[in-house]
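This briefing goes through one protein chain by topic. Please look at the sequence and the 3D structure before reading on.

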Amino acid sequence: MSSYPLPEGFSEFEVFALGSCLLVEGLLGFLLNAVTAVAFLKIRESRTPSNFLVFCLALADMGISTNSTVAAFSSFLSIHFIAAIAWDRYHQYCTRTKLQWTRVITLAVFIWFFAAFWAAMPLIGWGEYDYEPLRTCCTLDISKGDRNYVSYVIPMAICNMGIQVLVVFSSYQSIGKKFKKTGQERFNCTTPLKTLLLCWGPYGILALYATVKNASLLSPKLRMIAPIMAKTSPIFNVFVYALGNENYRGGIWQLLTGQKTDAQAIEDKSK
């Protein structure tokens with residue numbers, strides 16, 4: 001049998017361990033998000049404008065989980081839809097304004113085109129893609145740190161991470177204040193921001209570090225932390241945004257068991 005060289009900086013055991021971790025993340029993330037997506041399509045009660053954002057997030061996370069050529073595009077989509085859900089929840093709980101289908105579809109189309117723009121730029125020369133240290137998927141080429149890289153990464157980070165973190169933080173902070181006033185806390189308002197920073201923070205730090213230092217001098221194992229943490233995002237998102245949403249959770253339960261939850265039954269009677 002022909003042998004293949006190991007990725008630089010990794011032992012055979014480390015490749016097996018990290019590869020197994022990525023495999024579990026990918027399979028679990030894809031399965032959970034596939035169920036989330038199918039529940040939206042199959043269960044009528046789940047097909048609301050607000051849940052459409054969760055459905056779009058699930059599609060994006062399936063792209064991350066498959067580790068395919070659309071992984072960068074899917075990553076941008078995931079972060080944007082997390083911010084969109086935060087914005088929608090702010091209006092639900094603070095202004096009592098419900099999202100309408102025309103607005104949510106317009107928002108989703110804008111996000112898809114906006115994410116496609118930033119994902120496509122390295123393909124035409126603004127920024128550049130390279131393999132992750134384990135060589136399982138592509139990521140931004142942080143080895144150069146030249147003017148081309150810096151001119152792409154800084155506006156990309158602002159438009160695809162900085163603004164989204166600000167939206168998530170301000171939205172859930174306002175929601176948290178509203179919950180304290182009413183005494184009815186529907187969910188933990190700190191969890192979305194914590195999971196966003198946990199999953200995508202290492203990537204952001206590494207990308208910005210490469211603008212001032214030669215990131216290729218860092219240990220390959222240290223640089224591999226960022227993609228491993230990012231690929232946990234599809235799993236966390238299912239629990240935070242699908243299973244953490246009473247209406248969507250009821251749709252998933254109905255899909256898997258054929259039974260409606262009490263909340264769905266009450267909602268049907270009120271129509």
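Which side chain meets that of K231 in a salt bridge? The partner is E132, with 3.1 Å from N to O; a salt bridge here is a side-chain nitrogen of Lys or Arg within 4 Å of a carboxyl oxygen of Asp or Glu. The model is predicted, so local features need pLDDT of at least 70 and side-chain atom pairs count only at pLDDT 80 or more, while totals for chains, interfaces and linings use all residues. Residues are numbered from 1 along each chain as its sequence is written, and side-chain values use heavy atoms, with hydrogens and water left out.

**Overall form**

- The chain has eleven helices and two strands; these are DSSP runs numbered from the N terminus, with helices being H or I of at least four residues and strands being E of at least two.
- Read from the N terminus, the order of elements is α-α-α-α-β-β-α-α-α-α-α-α-α.
- The radius of gyration of the chain is 20 Å, close to the 18 Å that the globule rule gives for 271 residues, so the chain is as compact as a globular protein of that length. This radius is taken over C-alpha atoms, and the rule is 2.2 Å times the number of residues to the power 0.38.
- The C-alpha trace spans about 65 × 45 × 35 Å along its principal axes.
- Of the contacts between residues at least 6 apart in sequence, 71% join residues at least 24 apart; contact means heavy atoms within 4.5 Å.

**Surface and burial**

- Buried residues make up 44% of the 271 residues. Buried means under 20% relative accessible area, exposed means over 50%, and partly exposed lies in between (1.4 Å probe, protein chains only).
- The chain exposes about 14,500 Å², and carbon and sulfur atoms supply 65% of this area. Accessible areas come from the Shrake-Rupley method with a 1.4 Å probe, and for residues only the protein chains shown count as cover.

**Nonpolar cores**

- In soluble globular proteins, nonpolar side chains tend to be buried together.
- The largest nonpolar core has 62 residues, and F81, Y152, V168, Y172, W200, Y241 and Y248 have the most contacts inside it. Such a core is a set of buried Ala, Val, Leu, Ile, Met, Phe, Trp, Tyr and Cys residues joined through side-chain atoms within 4.5 Å.
- Helix α3 (residues 71-95) gives this core its largest share, eleven residues.
- A second, separate core has six residues, among them F10, L18, L134 and I228.
- F81 lies in helix α3 and counts as buried because its relative accessibility is 0%.
- Apart from neighbours within four places in sequence, F81 is in contact with L53, C56, L57, A108, I111 and W112.

**A nonpolar surface patch**

- W101, I105, V109 and F113 form a nonpolar patch on the surface, with about 410 Å² of accessible area together. Patches are made of residues with over 30% relative accessible area and no salt bridge; like charges are joined within 9 Å, and nonpolar side chains (Val, Leu, Ile, Met, Phe, Trp, Tyr) within 5 Å.
- V109 is found in helix α4 (residues 101-120), and W101 lies in helix α4 too.
- V109 is partly exposed, at 41% relative accessible area, and W101 is partly exposed at 36%.
- W101 and T48 are 53 residues apart in sequence, while their C-alpha atoms are 8.1 Å apart in space.
- Leaving aside neighbours within four places in sequence, W101 is in contact with F40, R47, T48, P49 and F52.

**Salt bridges**

- The count comes to five salt bridges.
- K221 and E14 meet in one of them, at 3.7 Å from N to O. K221 lies in helix α7 (residues 220-223) and E14 in helix α1 (residues 12-42), so the pair ties together parts that are 207 residues apart in sequence.
- K221 is partly exposed at 37% relative accessibility, and E14 is partly exposed at 23%.
- R44 forms a salt bridge with E45, with the closest N and O atoms 3.4 Å apart.
- R44, E45 and K260 are linked in a network of salt bridges.
- K231 and E132, the pair in the opening question, are both buried.
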